[in-house]
Amino acid sequence: MENGRDSFPFPYKPYDIQEQFMTALYSALDQGKVGIFESPTGTGKSLSLICGALSWLVDHEEKKRQEAAALLQEGEASLSTSAALSSSSSSASAEPDWITDFVQKKAERDLVSKLKEEELKRKKREERMEMIRNNINLKYASKRKSCEEDEAFKLLHLSKEEQTATPGDQEDEELIVAEYESDDESKSKSRFFGGEDEDDEELVEEHVTKIYYCSRTHSQLAQFVHEVQKSPFSTNISLVTLGSRQNLCVNEEVRWLGSIQHINDRCMEMQKNKHEKQHHEDGAKRKRGQPKSVCPYNKALALQQMRDEVLGTVQDIEQLLKLGKETKACPYYSTRLAVPPAQLVVLPYQMVLHEATRRAAGVQLKGQVVIIDEAHNLSDTLSCIHSTELSGAQLCRAQSQLTQYADRYKNRLKAKNLMYIKQILFVIEGLIRVLGGKVGQNPQSQTTQAGTEMYTINNFLFKAQIDNINLFKLQRYFEKSMISRKLGGFVEKYAGSSVTLHTHSSSNKENRRTGGLNRYLQTLNSNPSSAPVPSADQQGASEADKVLSASPMMQVEGFFLALTNSNTDGRVVLQKQGTLSESSVKFLLLNPAVHFAQVLKECRAVIIAGGTMQPVSDFKQELLFSAGVKEERITEFSCGHVIPPENILPLVLCAGPSGQELDFTFQNRDSPQMMDETGRILSNICNVVPGGVVCFFPSYEYSRRIVSHWEASGALTRLGNKKKIFQEPKKANQVEQVLNEFSRCIQRSAVDSSRGVTGAILFSVVGGKMSEGINFSDDLGRCVVMVGMPYPNIKSPELQEKMSYLDKHLPHSHGKNPGQALVENLCMKAVNQSIGRAIRHRGDYSSIVLCDRRYARPATLSKLPAWIKNRTNTYSSFGPAFAALRKFFLEKRQKQE
């Protein structure tokens, strides 16, 4: 079988469509294609991805090994032949024989030695993995390596101190930006680290051929890891799960900080303290002051040991956290150490799709395979990741902080640093002015003319009068100098301490220097209409903690980076909201293909997978063709569902029980008649559907309004008599609790229906927390009801700009302009995601009720997944639809009895 294999290892006998999926996947990876794979939820997509992709990886490694061995054999044979020939033959060429012979032999010798070296590395790598898996004690090797690492850090730290230290003035040394000379300043560092000739070091750093699997949420990633654990590859594959510090930190002192930026800053500070501590232990004179805290989980030996355990056994994030606590090692840093030798890396979208995050995580895509799962919203995800927003309050805070930082350290900062800091301030002040504000005044007391304006990048730079600044150079300066982190440390150090000192006395010199900063920070966060803040010490300190909420300079840095996009690829939105602090400037990415192009170019193959990828033509046009991918590199695979046709009942309802036409357009959906009719539909459905009913509304606001209406009319009480009512929580941390209670209620009702309650009904929101990545299998979702069509807000300036951009840059098809097609596709993608929650496996059954006459339009029906569309019936009146629903569940009950 060409470009494939006859069979794939699988935990059980695969369905035919799973075999077809794996064969198509294997072929796409082997030929280096960009594959669009559609496999409905419940068809075992994850296992097909795992077994197909890992089978290819194993075969690919074996093929590489055989090719290298054949080349080596050929090279050695060629060397011995040429040696024999050169002794017996003479050459007629212009150059002497010995020169030609030497050049030829050198090339052959180089190739042979390179092949031998690669083979040796591979063998060492395999032996090491074998040792890890057999749990052989590696403590001695790890300890030696950690000593070398610590030595390297000490030397680097010493050299840094020699560069920046000023005799007799050591205070705040860690807050001063290092001398900034050129873009090549890091070369000496890389030479220092690259000088290691230790074989093991090279071995650790080399990236083996690997598969990067990414998905949207951590729960989806955890599900994937559990599938790998169940697969035949669980014992012989090295898998590592990556996450943010917020997800992987096990140090309670840091975890409780909550916000991701606070956690990142605290962690970085602890790393720095650790290296300072090691330096002081080596006999350097210690500065006076409080001992600085270091992280007890970041010890080289423990990290190496945890890294080996991670590579030896497949583990999800929960298991990594447990292991980290047991071994007193940091999962965040251990997993990063494990990336180069890992064969399968599981990580969130951001770490693959955003270049700076990718670099920071040590993810290298060159020649590797990327699988993007749940990719139905890939275009939106790319746009969101690369779009950024700054409020007037953040701009004013950043301007104030940076001004006071520069004033405090002006005698200790080099001229180049001061020049760049002045340029950053110039740009920030331009952004404040363009929002209608004045620099140096409280943004909450400054009023602005409310309204929204949209600009191309170049026009915005002219409008803000910052077009004379080289933003690319500023961006490099941000990266090299780490000014955002230094400023964060400066604010954290002085704002907190000066609050406490300020309540006692203002005579302290240090307090006078930074008291203004702290007072200004407090004004930014205080509400003008609220009562004055009490001046007690504790109150002041806690207020300062709230106010600090990390320096906004990181967000400013992100906005500067966004402004370096091509002029046509994005827009800048000015939103003025009445006061400067609430106004904002937002960068909107219109062409996500520009950032996806790099991933497509670097990777050997990219697989874009999802339960519903329709409509594929628009997806290809917007993300692939626009990124320069040719049609011949794209391969598509789509399969039906494994469930028998009689296990699903999709209905389109055009009218309710009283004959009211169902038309949930924005103008009609708030009418009392429409809300009452919806209540009657749900009451009837709850009378015949056993177990759980999940009802999706177009938005949180509409869900709130309709439930309030039912509460007042008594419809909610009538519903509650049949099914216990649950509502989707707005807070993500409450989702699990609601789902658990929903599930328990249905289980109890199945055992004891004497109380008249036949299950539960869950009110959810399209695009909310329940519409993606959560399974309503079996009794949890016997009926999914979709109320109305969840069209996006057509009046949104961002959406209007995106529509006009697509109309201008993409070809028109089927008589529709691309902008209008975008709106319809966004709506139907959201619908498809929500209704796909119910059928989760072959034996499952469910009904889908689409409440809106607009679903009956052929163009709308065609955008449903094929396996639903082919079985959908449209009913112009409620009676026949209700009869079909009752018959469907009656037959299922009879079959079970």
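Helices (H or I, at least four residues) and strands (E, at least two) are DSSP runs, numbered here from the N terminus. Counted that way, the protein has 35 helices and 18 strands. The model is a predicted one, where local features need pLDDT of at least 70, side-chain atom pairs count only at pLDDT 80 or more, and totals for chains, interfaces and linings use all residues. Residues are numbered from 1 along each chain as its sequence is written, and side-chain values use heavy atoms, with hydrogens and water left out.

Now for the overall picture. Of the 897 residues in the protein, 50% are buried, where buried means under 20% relative accessible area, exposed means over 50%, and partly exposed is in between (1.4 Å probe, protein chains only). A contact is a case of heavy atoms within 4.5 Å. Among contacts between residues at least 6 apart in sequence, 80% join residues at least 24 apart.

Next come the empty spaces. Rolling a probe the size of a water molecule over the atoms shows where empty space is left. On a 1 Å grid over the protein atoms alone, a cavity is a set of points where a 1.4 Å probe fits but cannot get out, while a pocket is an open set with protein on both sides within 12 Å along at least five of seven lines; lining residues have an atom within 4 Å of a point. Grid points are joined across faces, edges and corners, and a volume is the space filled by probe spheres set on the points.

The second largest pocket comes to about 1,600 Å³. Its lining is made of 44 residues, with Pro790, Tyr791, Pro792, Asn793 and Leu826 nearest the centre. Elements giving two or more residues to this lining are α16 (378-386), β9 (584-589), α31 (797-809) and α32 (818-835). The largest share, eight residues, comes from α32. Sorted by class, the lining has 18 nonpolar, 16 polar and 10 charged residues; here Ala, Val, Leu, Ile, Met, Phe, Trp, Tyr, Cys and Pro count as nonpolar, Asp, Glu, Lys and Arg as charged, and the others, Gly among them, as polar.

Proline 790, one of the residues nearest the centre of that pocket, sits in the loop between β16 (783-787) and α31. Proline 790 counts as buried because its relative accessibility is 9%. Apart from neighbours within four places in sequence, proline 790 is in contact with Pro698, Val766, Cys827, Ala830, Val831 and Tyr855.

Buried residues of α31 are Glu798, Leu799, Glu801, Lys802, Met803, Tyr805 and Leu806. Among the elements covering them are α16, β7 (451-456), β8 (570-576), β9, α26 (616-624) and α32.

The largest cavity has a volume of about 120 Å³. It is lined by 14 residues, and Cys249, Asn251, Cys267, Cys295 and Cys330 lie nearest its centre. Two or more residues come from each of α10 (260-281) and α13 (331-337), with α10 giving the most, three residues. This lining divides into 10 nonpolar, three polar and one charged.

What about cysteine pairs? A disulfide is a pair of cysteine sulfur atoms within 2.5 Å, and by this rule the count comes to zero. For cysteine 330, the nearest cysteine sulfur is that of cysteine 295, 6.1 Å away. Cysteine 330 is buried, since its relative accessible area is 10%.

Lysine 328, in the loop between α12 (317-327) and α13, has a positive phi of about 55 degrees although it is not a glycine. Glutamine 465 also has a positive phi of about 55 degrees without being a glycine, and its place is in the loop between α19 (457-463) and α20 (471-481). At 56% relative accessibility, glutamine 465 counts as exposed. Glycine 640 lies in the loop between β11 (634-638) and β12 (648-653) and is partly exposed, at 36% relative accessibility. Not counting residues up to four places away in sequence, glycine 640 touches Ile17, Pro40 and Thr43.
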